[in-house]
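Work through the exercises below with the sequence and the structure side by side, and try each task before reading its solution.

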Amino acid sequence: MGKNIKKLEKSFPRVYVEISGICNAKCPYCVTGAQNQPQGKFIDLKLFRRILEYITDKGIFDKNTGNLWIYKWGEPFLHPEFSDIIHIINDFEINYMVSTNGSIVPEITPSMTKYLKTLYFSMPGFSQYSYDKIHGFSFEKIKENITAIVNKLKGYGYNKEITILYHIYRFNMKETELCKEFASKLGINIFPYYAGIMDFWQQIALIEGTMEKEQL
């Protein structure tokens, strides 16, 4: 892994390590959901440990000030050895952040809360209609899963950030208040922000004016 690279004088405030190259959501504007990139795989535990060793040793990442983001385009809770991923992070005493679509309830133990700085729930609306248009999941099941995860974490004394990232589309703007009420009852945050086109090929279609009317 590039042993001749000198140690950096200044580390990055965040480093992304994709632990899952697989996502089960069907988001039409995402490079993964739109299936415009090859399906990935789950990161190997030995490789993950080597990556953490490398970025800390070379000064790429300062565990005292930085945050490790263990997601990008995949769904991290799908990783069959997610709990082992967390044990490795704990071994390095690294603060980490994770985002999930809420479709999976992973094994939650006290060790998961030790260095978890932020947990995000990605939501494309607050109705089955909205979920049919974007994620493709059962809306009621998502609410059950989010509630279960939050209650389990809080049961272990977790008191750091849990936030719903609410993606705003034209069709779900009126559902924002319902999601806010849901978050308030659970004692977590909500951060609404405008959804964007995360698929490169669709961005080009938008710029060139070739995007299909329904998508536009």
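Predicted model: local features only at pLDDT ≥ 70, side-chain atom pairs only at ≥ 80, totals over all residues.

Residues are numbered from 1 along each chain as its sequence is written, and side-chain values use heavy atoms, with hydrogens and water left out.

**Exercise 1.** Describe the order of the strands in the sheet, and find the strands that stand at the edges.

*Solution.* Begin with the terms: helices (H or I, at least four residues) and strands (E, at least two) are DSSP runs numbered from the N terminus, and two strands pair if DSSP finds at least two bridges between them. The open sheet is formed by 6 strands in the order 1-2-3-4-5-6, with parallel pairing. Strand 1 (14–16) and strand 6 (189–194) each have a single partner strand, so one side of each is left without a neighbour in the sheet. From one strand to the next, the twist averages 25°, where axes are lines fitted to C-alpha atoms (for helices over the stretch in contact) and angles run from 0 to 180 degrees between N-to-C directions.

**Exercise 2.** Which residues of helix 6 are buried, and where do they lie around the axis?

*Solution.* Buried means under 20% relative accessible area, exposed over 50%, and partly exposed in between (1.4 Å probe, protein chains only). In helix 6 (residues 176–186), the buried residues are Thr176, Cys179, Phe182, Ala183 and Leu186. They lie on the same side of helix 6 because they cover an arc of only 120° around the axis, the arc being that of the directions from the helix axis to the C-beta atoms. On the other side of helix 6, Ser184 and Lys185 are exposed. Strand 4, helix 5, strand 5 and strand 6 are among what covers the buried residues.

**Exercise 3.** Is Ile89 buried or exposed, and which residues does Ile89 touch?

*Solution.* Ile89 lies in helix 2 (residues 82–92) and counts as buried because its relative accessibility is 0%. Leaving aside residues up to four places away in sequence, Ile89 touches Phe48, Leu52, Leu68, Ile70, Ile94 and Tyr96, where contact means heavy atoms within 4.5 Å.
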